[in-house]
Amino acid sequence: MIRTENLRKVFPSKKEGSVVALESLNLHCADGAVYALLGPNGAGKTTALRILATLMDPTSGEAYVNELSVRTDKRAIRRLLGVVSYEMGVYERMTPREIGYYFGRLNDLDDRDIARNLAYIFSLLRMEDFADKRTETFSTGMKQKTVIMRALVTNPEILLFDEPTAGLDLITAKSVMDYIRLLKQEGKTILFSTHILWEAEKLADTVGIIHRGRLIAEGSLDELRAQTGHTDIEDVFFSLIDRVEAP
Ligand SMILES: Nc1ncnc2c1ncn2[C@@H]1O[C@H](COP(=O)(O)OP(=O)(O)OP(=O)(O)O)[C@@H](O)[C@H]1O
Ligand SMILES: [Mg+2]
C-alpha cells in the first residue's frame with residue numbers, strides 16, 4: 001500500500017523565492033491496485049513520485065510504502081520498489097543484458113534468476129534485437145524499455161512509473177501499457193503518472209487527479225463519473241479541474 005499524508009514540497013527559487021510543488025497531497029493506493037496519478041504539467045506528479053521513491057525528502061508531511069516511512073526507512077523501501085522515470089539515464093557503454101545483470105547482482109539475485117527474469121522481460125518488451133547492443137545509439141523507445149527492464153529485473157512488488165509512455169510511438173507505448181497490464185495480473189501494486197487520459201481509463205483501478213499540488217479527486221473512474229455526472233473521461237477530468245478553478 002502507498003499513502004501520503006499532507007505531503008508538502010517547497011523548492012527554493014531564485015526568481016520567486018520559493019515554488020510550492022506539493023501543497024498538501026493525500027493519496028491512497030491499495031495493495032495490488034493500479035493507480036493513475038493524472039494531472040497537467042507542473043501539477044506535482046514527478047515531485048510526488050520522487051518523494052515516494054525516496055529520492056528526495058518532503059518539506060513536511062509523510063508518505064508510506066507498505067507502512068514504511070519515506071523519511072526514515074529509505075533502504076527498506078528501495079528494496080520493495082521498481083522505479084521508472086524518463087529522467088533516468090542508461091549506461092551508454094553497457095548493453096541492456098549487462099545492465100540487467102549489474103542491477104540484479106546489486107540486489108543479491110543469483111545469475112540463474114537474473115537470466116530467467118531477463119528472458120521474460122526481453123520477450124515481453126520485444127527487446128531481443130537490441131538486448132546485446134550498447135545503449136549509446138538507442139532511440140528514445142529503446143532507452144525507455146531499458147529503463148523499464150532495469151526497474152523490473154529484481155521482480156519488485158511495487159512499481160512507480162513516471163509517465164511510462166512519454167516520447168514513445170504508439171506501438172512502443174502499447175507494448176509498455178500491455179506490460180503494465182500483465183504486471184497488474186501478477187498482483188503488483190503500480191502507481192503511474194500520466195497526463196494521457198485514455199491511459200488512465202484503460203489501466204487504472206483508481207484515478208487520482210492532482211492539480212496544483214493537491215489531490216482534487218480520487219476513486220475508480222466509475223466513482224468519478226458518478227461524482228461529476230459525466231461519462232466521458234475528458235469531461236470528468238475538466239469538470240473536476242473547473243470546480244477548483246472556479247472563483
Ligand atoms: N528541482 C526543482 N526546483 C524548483 N522547482 C521545481 C523543481 N522540481 C519541480 N519544480 C516545480 O514544482 C512544480 C511541480 O513540478 P513537477 O515536476 O512535480 O510536475 P509534474 O506534474 O511532474 O509536471 P509534468 O507533467 O510537466 O512532468 C512545478 O512548478 C515545477 O516547476
Ligand atoms: Mg513530471
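Thirteen is the count to begin with: 13 residues surround ligand 1, and the closest are Phe11, Ala21, Lys45, Thr46 and Thr47. A residue counts as near a molecule here if its C-beta atom, placed from the backbone, lies within 6 Å of it. Please bear in mind that this is a predicted model, in which local features need pLDDT of at least 70 and side-chain atom pairs count only at pLDDT 80 or more, while totals for chains, interfaces and linings use all residues. Residues are numbered from 1 along each chain as its sequence is written, and chains are lettered from A and ligands numbered from 1 in the order in which they are written.

Which elements supply the shell around ligand 1 with at least two residues each? They are β1 (2–13), β2 (17–25) and α1 (45–52). The largest share, three residues, comes from α1. Helices (H or I, at least four residues) and strands (E, at least two) are DSSP runs, numbered from the N terminus. By class, the shell has four nonpolar, eight polar and one charged residues; Ala, Val, Leu, Ile, Met, Phe, Trp, Tyr, Cys and Pro count as nonpolar, Asp, Glu, Lys and Arg as charged, and the others, Gly among them, as polar.

I turn now to a pair of helices. The axes of α3 (residues 96–106) and α5 come within 9 Å and cross at roughly 25°; axes are lines fitted to C-alpha atoms, for helices over the stretch in contact, and angles run from 0 to 180 degrees between N-to-C directions. The two helices are therefore roughly parallel, a term that covers angles under 35 degrees. On the α3 side the contact is made by Pro96, Ile99, Gly100 and Phe103, and on the α5 side by Thr146, Met149 and Arg150. Two residues are in contact if their C-beta atoms, placed from the backbone, lie within 7 Å. The residues of this contact divide into four nonpolar, two polar and one charged.

Finally, the loops. Asn66, between β5 (60–65) and β6 (68–69), has a positive phi near 50° without being a glycine. Asn66 counts as partly exposed because it has 16 C-beta neighbours inside 10 Å; a residue is buried at 20 or more such neighbours, exposed at 12 or fewer, and partly exposed in between, with C-beta atoms placed from the backbone. Arg126 lies in the loop between α4 (111–124) and α5 (140–152), and its phi is also positive, about 50°.

Conventions:
Parallel < 35°, antiparallel > 145°, perpendicular 65-115°, else oblique.
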